[in-house]
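Work through the exercises below with the sequence and the structure open. Each task is followed by a solution in steps.

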Amino acid sequence: MYRILQKIWQLGKVGKGIAPPAQKSLSNFCGTAAIRHVDAGSCNGCELEIQALGGPHYGLEQLGMGLTASPRHADILLVTGPVSRHMASALQATFAAMPAPKKVLALGDCACHGGVFAGSYAVLGAVDQVLPVHGRCPGCPPKPEAILQSLQELTCAAKP
Amino acid sequence: MGKVLTSLERSGVFRPIAGPSGRYRGVLSAPEWLQLAEEIHQEGGRLLALWGTEADEQLPPSVHALWRLPHAVYWVSMHLGPDHLQYPSLSRLFPTATRMERAVYDLLGFTADGNADRRPWVRHEAWPAGCFPLRRQEGLQNQLGTAGDAHYPFFEVAGEDVHEIPVGPVHAGSIEPGHFRFSCVGEKIVRLEERLGYTHKGVAKLFLEQDLDFGLRLAGRISGDSTVAFAWAYVMAAEQVAGLQAPVRAQFLRALALERERLLNHLGDLGALGNDAGFAFVLSQLLALKENLLRENEHFFGHRYLMDYLTLGGVQRDLPAAACQSLLETVARLRSQLTSLEVLLAEHSGLRDRMVGTGMVVPERARAWGMGGLVGRASGQGWDLRNQLPWPPYDQFACPLSVQEDGDVAARWAQRWKEIYQSLSLQEDLLGKLPEGSMQATLVTTTLHGEGLGIVEGWRGEVACMLGVREGRLLFCHPQDPSTALWPVLEEAVLQDIVADFPLINKSFNLSYSGQDL
């Protein structure tokens, strides 16, 4: 136990973090959100960066954001992948299960415009083909800072 | 070597593939197809891949298999008659062939005679039966929809107290999509059936007719966590077609990239395993170390996960001497940080309690399944291309084969630690002996013609890429992830464990969905 605590102490605080949004008010919970992630056919590259967000360098939860296990608790649907045909209905069902108000963030080149998989018979090519999209974060995969920034912009934008 | 292999080699059916030794190519008749399978089975060999290719004016419809013996890899093909799209099933000898043959049928309509499982595999209800997307046919898009896969006939377990738990395709955590059907008695799992294919992206068709540069971008995105391994297998195959070798310096840099990919994934997996055992400390410690490596990757190699670092004929950018020094220091620092952490965790009773004896695959079963790669080595199966069939630059370094016999989650955990230290030593060797010279050979792709096989030992196991090129365009390309042959083993590994242990066992395998669904 002592050595575990010592390790935690040694690691200390890492990463510069990301500045909280300027105007944070209780009325719109700017900058905070419960996020439900759905992989709609990604190559798993974007998932690696989503996992990195949970690490000590980025501290997603310190910013008031967290990934939820159920769409019932979610404010934001984070979608990766070019929307494979086989995931389209599960993706729509997940969105339908979320309570309003809710927003969709397309994460990565594939979710934004199909990426290298665009044009395949097996994909629909972008999240906006099946769901309303409120934010886009391109990249292959997008860097964690960019993901955090997109999430903040989405939660701080005026109400839809 | 058995008599079938000997006679095939003597009669010139097998010809050695240019490049590192031990790789062979051959076109077989139907009897030879089965004889070879039987002999490889007797010799304890493994089936790495089985796939099909469609006909065009110059090529007959064909099925292909990639076989592995300890010191040889065979890419064999068999032509099918245009009116007889059938071939003998290998599922009787090699249980992992079952799903591969189902996938061949879904994509091409070639039937495996003797495969009792006629259910679709990569095809979901979004495609009508009888629609074969890899065949050159008109109006494909109009036949396809987006219906969910609601009527798949899962095997049913009978019994009074048996209940089913359907999980997925959307999981509670942030992982890839797939469906798991558990049949349980109380908390105990008596059967698990996987239903995958949710991330099917039609990769095989996307490759068709593309130039080699697009092919490389796509190969690097078959499974994002193995982007270096796939890119290397692909460029190895393409360079074979071109009759060219990357400069020695580029080979070293590629190996460095592959070892760094191994390191990143092992660190992430160990962290996630600790987390799934309820010990978040492990995750935050290891993610912090992983993040440092990711930033270093971006700084020195241009991409956090090294995507698109490999090019046809070389690598994207060179590594200056100062960078080598800095990377060497990283290796030394990481080794000492990890050693102290490992000692501490090895003694942690809570962690041991969750991992020891959980998710067991005993060596005998692992052999029957033909397990390879990291999880195979954790179940006593000594397969590692870096040791047995080394390709440049691995042929210049000692890559000892390490195995464990226990076959449980704890063994897969320990195996990762072992391979991390091995990889660190290898990185030191690579950096210390990095030769001078060019990092890029010139490759004119527009006139290329021929076939190529690339195979490397990625962090999960053998990653292979088989391709055909005509006038600089891809005629076909089959990327093979080791996950395909390992997913069925997971169904067996969880038996007699409880449902709550599934995430831990699944994580200890950490197989790719995208790489299997293609």
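**Exercise 1.** Decide whether Leu53(A) is buried or exposed, and find which residues it is in contact with beyond its neighbours within four places in sequence.

Solution. The model is predicted, and the values are computed from it.
- Step 1: Leu53(A) belongs to helix H2 of chain A, residues 45-53.
- Step 2: the relative accessible area of Leu53(A) is 2%. The cut-off for buried is under 20%, so Leu53(A) is buried.
- Step 3: with neighbours within four places set aside, Leu53(A) is in contact with Tyr58(A), Gly59(A), Leu60(A), Pro144(A), Ile147(A) and Leu148(A).
- Step 4: take Leu148(A) from that list. Leu53(A) and Leu148(A) are separated by 95 residues in sequence, while their C-alpha atoms are 8.0 Å apart.

**Exercise 2.** Find what kind of peptide bond leads from Ala100(A) to Pro101(A) and from Cys140(A) to Pro141(A), and locate both prolines.

Solution. 
- Step 1: omega is near -5° for the bond from Ala100(A) to Pro101(A), which is cis.
- Step 2: Pro101(A) sits in the loop between helix H3 (85-97) and strand S4 (103-107) of chain A.
- Step 3: the bond from Cys140(A) to Pro141(A) is also cis, with omega near -15°.
- Step 4: Pro141(A) sits in the loop between strand S5 (135-137) and helix H5 (144-156) of chain A.
- Step 5: for background, most peptide bonds are trans.

**Exercise 3.** Check the length of helix H10 of chain B against its residue count, and list what its buried residues pack against.

Solution. 
- Step 1: H10(B) runs over residues 321-346, which is 26 residues.
- Step 2: at 1.5 Å a residue the helix should span 38 Å. The end C-alpha atoms are 37 Å apart, so the two values agree.
- Step 3: the buried residues of H10(B) include Ala323(B), Cys324(B), Leu327(B), Thr330(B) and Val331(B).
- Step 4: within chain B, the buried residues of H10(B) pack against helices H8 (248-276), H9 (280-301), H11 (349-355) and H15 (409-432). From chain A, helix H1 (2-11) packs against them too.

**Exercise 4.** Locate Ser379(B) and describe its surroundings.

Solution. 
- Step 1: Ser379(B) lies in the loop between helix H13 (373-377) and helix H14 (385-388) of chain B.
- Step 2: its relative accessibility is 0%, so Ser379(B) counts as buried.
- Step 3: beyond neighbours within four places, Ser379(B) is in contact with Val361(B), Pro363(B), Ala366(B), Gln404(B) and Gly407(B).

**Exercise 5.** Decide how compact chain B is for its length.

Solution. 
- Step 1: chain B has 18 helices and 15 strands.
- Step 2: its radius of gyration is 23 Å, close to the 24 Å from the globule rule for 518 residues, so chain B is as compact as a globular protein of that length.
- Step 3: buried residues make up 63% of chain B.

Note on methods. Residues are numbered from 1 along each chain as its sequence is written. Chains are lettered from A and ligands numbered from 1 in the order in which they are written. This is a predicted model: local features need pLDDT of at least 70, side-chain atom pairs count only at pLDDT 80 or more; totals for chains, interfaces and linings use all residues. Side-chain values use heavy atoms; hydrogens and water are left out. Helices (H or I, at least four residues) and strands (E, at least two) are DSSP runs, numbered from the N terminus. The radius of gyration is taken over C-alpha atoms; the globule rule is 2.2 Å times the number of residues to the power 0.38. Buried means under 20% relative accessible area, exposed over 50%, partly exposed in between (1.4 Å probe, protein chains only). The expected span of a helix is 1.5 Å times one less than its number of residues. Contact means heavy atoms within 4.5 Å.
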